[in-house]
Amino acid sequence: MKYVSTRTDRSQINPSQAIIKSIADDGGLFVPMNFPPLGDLSKLIDLDYRELASYILKMYFDDLGDKLNIIVKKAYDQKFPEEVVKIKETNAFIMELYHGITHAFKDMALSILPFLLKASLEVNGDDKKVLILVATSGDTGKAALEGFKDVDGVRAMVFYPKDGVSAIQKLQMISQEGENLNVFAIKGNFDNAQTSVKDAFNDKEFNKKILEKGYELSSANSINIGRLIPQVVYYVYTYLRLVQNKKIKLGEKVNIAVPTGNFGNVLAAFYAKNMGLPVNKLIIASNDNKILTDFFETGSYDSNRKLILTSSPSMDILISSNLERLLYHLSDGNDKKVAEAMESLNKDKIYLWDKNYDDLIYANFADEEDVKDAIKSTYDSYKYLIDPHTAVAVSVYEKYKKETGDDTKTIIASTANPLKFPDKVLNSLGIDGGDDDFEKLEKIGELMAKEVPENLSALKDMEVIHKDIIDPSKLKEEVLRKLK
Ligand SMILES: *Cc1c(COP(=O)(O)O)cnc(C)c1O
């Protein structure tokens with residue numbers, strides 16, 4: 001498999017090189033030159049999660065070869081993939097993706113990315129160390145820290161918006177142990193963090209300085225193809241489980257509803273569809289930052305607006321990076337058109353696109369009131385708790401059903417454990433949780449009839465290790481300082 005940039009650089013590179021580089025020299029994102037077919041789905045039905053992951057990853061990362069078997073074994077050594085499907089009502093199936101170590105779906109990809117990166121370096125005979133810069137809206141940061149902790153030859157630095165993550169998300173990051181890790185609060189929002197990181201990537205002078213220190217830059221954000229492809233697996237896996245449980249027939253089309261921020265998760269569903277997974281509509285759910293809803297409705301991507309802080313912070317994003325990949329695929333690889341759109345976004349914060357996606361996509365948003373209603377009604381009906389991100393998707397799915405009357409069976413991605421967002425969850429249920437975050441956790445645990453996981457309750461007594469607060473304009477300076 002070869003990868004090319006979404007923009008005008010025509011070089012074709014190997015999977016391992018795309019994983020290491022993360023971003024193309026022209027600022028574009030790497031995309032596979034074709035979508036390998038899944039083949040006969042009935043032959044995949046008996047595969048466990050690891051086997052299916054090996055099967056799919058080998059098609060995309062063929063130059064890593066048999067290393068992938070070992071990688072997949074190491075990365076998915078936890079029980080979470082087995083718990084993926086939870087069936088709630090006849091036509092909507094909640095796919096719980098949050099059973100990894102940090103309790104958000106980012107674990108599904110970030111538990112494997114470090115291994116992919118190491119193997120990529122080996123394949124290329126590259127003995128440089130890797131410096132991973134991560135901009136996070138809350139969950140990527142912690143999942144990357146866990147994934148890269150004490151991994152040989154890798155240094156990871158995480159940047160989170162100072163007031164833009166939940167209290168639990170923040171505690172998870174600032175208490176992180178690991179010799180090779182740094183965490184910074186950024187004065188600004190996620191977009192500021194992401195833009196500063198992208199700027200560092202594109203800064204030749206900065207890259208030279210990093211190289212002089214023996215490091216090569218790479219990214220753990222979903223711009224990295226090594227993060228995106230592992231996310232394809234759970235859509236296929238969940239579909240096959242539904243077939244196995246006789247909830248759908250083999251070949252029956254399903255809708256997939258995804259709470260969306262940087263467009264990585266839903267793009268993976270789009271890849272699965274292109275590989276032959278029977279998918280009807282992609283239902284793209286946004287919070288009050290409804291730039292994607294507006295885009296899919298009007299064809300105008302207009303980021304001239306203020307970022308709103310919501311109860312689903314991991315979706316508080318205005319520059320949705322992976323949309324660039326969708327546009328590339330939808331325009332049959334019209335890289336010139338994509339490059340022009342991205343240049344316009346950079347310069348004027350807006351671009352226009354012809355609406356060639358109506359058959360594929362339904363997009364809508366849920367405001368704070370909708371989120372509250374979705375959490376409450378889901379709990380009242382099923383005694384089942386969902387987090388605010390998942391609630392955005394549930395609410396938008398309800399809107400979709402009401403508007404279209406489409407009763408196609410639908411997989412809803414549940415992206416975080418409700419325990420990570422105790423304030424909004426309790427508030428939605430009309431429960432006074434008091435002032436103490438950890439008492440709130442206990443309350444939610446009771447409602448879920450589950451023990452609060454040890455690594456969340458222990459946050460209470462963890463030492464704060466990372467105290468740096470920096471201006472986004474100082475990011476490169478700080479990185480160089482820490483590397484000393
Ligand atoms: C990252 C995240 C999202 C958004 O996923 P994207 O791939 O950025 O669209 C949604 N929910 C949670 C809990 C997340 O951590």
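In what follows, Ala, Val, Leu, Ile, Met, Phe, Trp, Tyr, Cys and Pro count as nonpolar, Asp, Glu, Lys and Arg as charged, and the others, Gly among them, as polar. Keep that in mind as we walk through this structure, which is a predicted model.

Let's begin with the two annotated spans. An unreviewed UniProt entry assigns residues 2–76 to "domain: Threonine synthase N-terminal". This stretch is 37% helix and 8% strand, and its end C-alpha atoms lie 26 Å apart. The UniProt record, again unreviewed, also lists "domain: Tryptophan synthase beta chain-like PALP" for residues 96–410. Here the chain is 47% helix and 17% strand, with 14 Å between the end C-alpha atoms.

Now turn to the ligand, which sits in the largest cavity. Its shell is made up of 15 residues, and the closest are Lys 106, Asp 139, Gly 261, Asn 262 and Thr 415. By the grouping above, the shell divides into five nonpolar, eight polar and two charged residues.

Ser 314 contributes through its side chain, with a polar atom 3.5 Å from an oxygen of the ligand. As for how much of the ligand is covered, it exposes 380 Å² when taken alone, and the protein buries 98% of that.

Finally, have a look at helix H9, which spans residues 204–212. At its start, a side-chain oxygen of Asp 203 reaches to within 3.0 Å of the backbone nitrogen of Glu 205. After the helix comes Gly 214, with a positive phi near 90°.

How values were computed. Residues numbered from 1 in each chain as written. Predicted model: local features only at pLDDT ≥ 70, side-chain atom pairs only at ≥ 80, totals over all residues. Heavy atoms only, no water. UniProt positions renumbered as here; feature names shortened; annotations may be inferred. Helix = DSSP H or I, 4+ residues; strand = E, 2+ residues; numbered from the N terminus. Near = heavy atom within 4 Å. Polar contact = N/O pair within 3.5 Å; in protein donor to acceptor, adjacent residues only side chain to side chain. Areas by Shrake-Rupley, 256 points an atom, 1.4 Å probe, with all protein chains shown as cover. 1 Å grid on protein atoms, 1.4 Å probe; cavity = no way out; pocket = protein on both sides within 12 Å on 5 of 7 lines; lining within 4 Å. Sits in = over half its atoms within 2 Å of the grid points.
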